[in-house]
Amino acid sequence: MSHPSLLTAVHDVLAQSVFPVQATESAHPLSTEYTTVTAQLGAVINTTHRLNHALNQLNDLPLGENATKLVALMKEHTALTSSINQSTAASVSLSSLLRGDNRAIYPDASPPHPAKIAEWGRNLGMEVFVDGSTTVLAGKVLVLDIDINDHVAVKTSFANNANGNGNTSAAPELDAFLAQEVTRWIKAARRAAGIDSAVGHSREDPAIEAARRSRAIQEHLRYLMMLDGLAAAESEKGLRWFMEPTVVSDHIRKQVASPQMEDLDKFLTQHALPLPYLVAPSLSFIVWLSPRGYLQLLRSSPPSKQSSMWNIDIPIAHLKTSMLDTLEDVTIATLKLVPCTEVANSKMDSSDVPGDHMLLAAPSQMWVLDFTTKLPQNGVVMCQSRMRVIQGIVESRPIDMISMGNMSSIGSMSSLGNMSNMNFGEFGVASSQTNGSGGTGRSWVDLLVNKNSSAEYYTATYKSPNDIHPPLHLRLLAPPEPGFLLQRVPVRSVKQVSRVLEVVRGQCWLNESLSILQWSPETPVLKSSHRLSNAEQGMPPEDAVSTTLLASVLAGTVAPQSIPVNVYLPSSALSALSQPVDPFTSQHSGLGMGPPASAGSSSGASLFGPSDLEMEMDIPGLSMSMGGSMDMDLGMDLSTPTDTMQQSHGPETCPPPMIVLTSPRPVPRNGLVEIRITSGEGHGENGVWVEASPGVETGYMSDVVRRGGVWSLPGRVWNKG
């Protein structure tokens, strides 16, 4: 057998790069593109070695009088090989449009028919029998009876099930899931074919929707056929592969279910809700649900008697339907099997934990938690420290905090420099965290709210719906911690699944809280020695200020145009908030950590920048500019410590997610009000714990945060005076 020529090897590398990884896609070991990128890089390295070896051989070859003839033969061979490889690359490019996960969806306006279901089964290697409106799809173990007459009915049976009853289904939940998927395809196909003129809730073109739903059904059948192959290899014991989603769900339910009725949003602050056959013929978890999504579910929930399986206030049937059709702002993780070749090689291990359930193992398959469902960014934006915690959970080992500190952002694949020395075991990148301009690398907040660029500060405005307080001008410091897009996590036990979802849930709370507002990069404000007069600002002259206005100012009854609020997302644990803050001295013993310097400020720890105090707290008729005469130095630093070994959290743990809000007290009182909102299991009845400066009432704040009003807390404190 002849070896491929050097030119063929080069063309093979170029053919793999026809659809390169986009710059916005991540390529770390917990992403779906990792194996593809590493394979491409490996091919480039191997081809480079072959090129070097071949060129050295040609350089040492004594040509002599035959040099001209040899060069002519090489040119002819190169032309023929290049033509063949170009034709091959064109064929591969065209076939890639019809194969793979990223293939285009073409409109399908044909009416639904059993023959289509039969065609899908034949393409997957299933035996097919069609009898009128009924289609029977059979693998080696799995048998599916699909009837699409007036009402779609699906019945699952297994060929090697000795205890099965011919009149009952072996997997009723799987039947309901497949029937629901087929029903949705039929409705979309009928609308696309013009048979049914009913208008659905989907804004999508019916022909595109029909094609998309037919592809989803084929993916479900492909996954079931993979399970069929695993089951056939184990004879009667093989049925456990089909029952594993239900077994895992029951195992978790016995551990976390409460005998009393619970609100769904409160339940999700402590545990992820397992739902078999939600988006795939496997087990899915509802990890996080936004307050708006919960309210939407609550209002649309029909009155019905709740199943005894889960004592929550939303019926499970309504929850499943809403998750797929109309609900947004939800994070779903799916536990499913994938080929080992699609997952990064890792030092996975699972310690023996009493009461744990080990997932079924197969030599060629691996269980993963997939986070690419129902999210526009195709994954969950995670900060660096939580990614390291997940890595430690997967590998069942302590976290190397030093290598965590050296891990730079690899969310961008525009250059290969960010991929040097990266591996799953260390999750490290040897390159520096500084970019070409000398600034730090991108923050995880950039990846969440500003994908195209980065900024040190972000600003947003929160306005009270009832105008109970002035608008809040929020100024967010982007944490100096890189961000990653979490897509897949390999797991081997239910304990690992629960711990990974707990870490992701905390990050989802932060992401959802930030997504409530529209954040914009802060633009620097140039200082000007000329201050606009009252007339130029559209305000009455200073001598026209009435005695009534002056008295109201002195009494503190005049509301400012806006209230400046500084927002911090600590990456490490903070000391207890126990003593009041004196803004006029540098002595401070309550926070222990605090805000860094504001952009454009001469003070090393100025709490408010000139854009906040000079431009947004001006009261008509009275100058409130204090930028040049007041230095609010608190001696604090909320930024991540340079030495990550100083962080107080231990192996495989990280501090619970926290939002720190700092704002001034209303006139005539001076000083600052600090509010800390912490989320996580064990933090109060609502899964949220709120701590504030002394003298500030916090009893009502946890309910406000639960309903999505985290950013209104400084305004509520201002309103209460």
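Predicted model: local features only at pLDDT ≥ 70, side-chain atom pairs only at ≥ 80, totals over all residues.
**Exercise 1.** Work out the volume of the second largest cavity, and what lines it.

*Solution.* Start with the size: the second largest cavity comes to about 110 Å³. Of its 16 lining residues, Cys383, Arg386, Glu481, Pro570 and Ser571 sit closest to the centre. Here a cavity is a set of points on a 1 Å grid over the protein atoms alone where a 1.4 Å probe fits but cannot get out, and lining residues have an atom within 4 Å of a point. Volume is the space filled by probe spheres set on the points, with grid points joined across faces, edges and corners. Now sort by class: 11 nonpolar, three polar and two charged. Nonpolar covers Ala, Val, Leu, Ile, Met, Phe, Trp, Tyr, Cys and Pro, charged covers Asp, Glu, Lys and Arg, and the others, Gly among them, are polar.

Numbering runs from 1 along each chain as its sequence is written, and side-chain values use heavy atoms, without hydrogens and water.

**Exercise 2.** Find which residues lie nearest the centre of the largest cavity.

*Solution.* First, the count: seven cavities of 30 Å³ or more. The largest cavity holds about 210 Å³. Its lining has 19 residues, with Trp288, Pro291, Trp509, Val705 and Arg706 nearest the centre.

Technical notes:
1 Å grid on protein atoms, 1.4 Å probe; cavity = no way out; pocket = protein on both sides within 12 Å on 5 of 7 lines; lining within 4 Å.
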